[in-house]
Amino acid sequence: MSDNESQTRDAGFDEWIDAAEDGEAYYLECANGHGSLPPRRVCPDCGNTDLEEVDLPESGEVATFTVTHVPTPAFEEDAPYATAVVDFGPVRITGQIVGIDLEAIENGLEVEPEITVSETTGERVLSFSPV
């Protein structure tokens, strides 16, 4: 955990990152089966306020991705990097893909979530590595 994280925590999100780092990632599901991620308190699809924590599947598939060669200053030391939207069934999650040559990334690639540290900021970020 970086110094910034020990001083200020983003309620809901940081707890989710902690859980994912411990291999216990989850999503929120309403009674109608819609999935979302914390810190939601209301289902974005139907407005239901009765949300239950459900274990996130261990792996998902890359639905789409892009490779960034010229990043914003917030990620300049991380470039080049790939950002992907990964389909975990009830939810789609965005994060960086790590542990694979950028040219080998393709839609349908099976990945699993992991928490890494940004080279630029030293902050924890959600990443995906090939299964």
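Hi everyone, let's start on the inside. The largest nonpolar core here has 24 residues, and those with the most contacts inside it are Trp16, Leu56, Val62, Val86, Phe88, Ile93 and Phe128. Please keep in mind that this is a predicted model.

Which elements give two or more residues to this core? They are α2 (13–21), β1 (26–29), β5 (81–87), β6 (92–97), β7 and β8 (124–130). The element that gives the most is α2, with 4 residues. If you are new to this, here is some background: nonpolar side chains tend to be buried together in soluble globular proteins.

Now let's move to the surface. Here you can find a patch of negative charge, where Glu58, Glu61, Glu110, Glu112 and Glu114 gather. Where does the largest share of this patch come from? Strand β7, residues 110–117, supplies 3 residues, and that is the largest share.

Last stop: the prolines. Which peptide bond is cis, with omega near 15°? That is the bond from Pro38 to Pro39, and Pro39 has its place in the loop between β2 (35–36) and β3 (52–55). The peptide bond from Ala79 to Pro80 is also cis, with omega near -10°. You can find Pro80 in the loop between β4 (60–68) and β5.

Key. Residues numbered from 1 in each chain as written. Predicted model: local features only at pLDDT ≥ 70, side-chain atom pairs only at ≥ 80, totals over all residues. Heavy atoms only, no water. Patch = residues over 30% accessible without salt bridge, like charges linked within 9 Å, V, L, I, M, F, W, Y side chains within 5 Å. Areas by Shrake-Rupley, 256 points an atom, 1.4 Å probe, with all protein chains shown as cover. Salt bridge = Lys/Arg side-chain N within 4 Å of Asp/Glu carboxyl O. Lys, Arg positive; Asp, Glu negative; His and termini not counted. Charge placed at Lys NZ, Arg CZ, Asp CG, Glu CD. Core = buried A, V, L, I, M, F, W, Y, C linked by side-chain atoms within 4.5 Å. Buried < 20%, exposed > 50% of the residue type's maximum accessible area, 1.4 Å probe, protein only.
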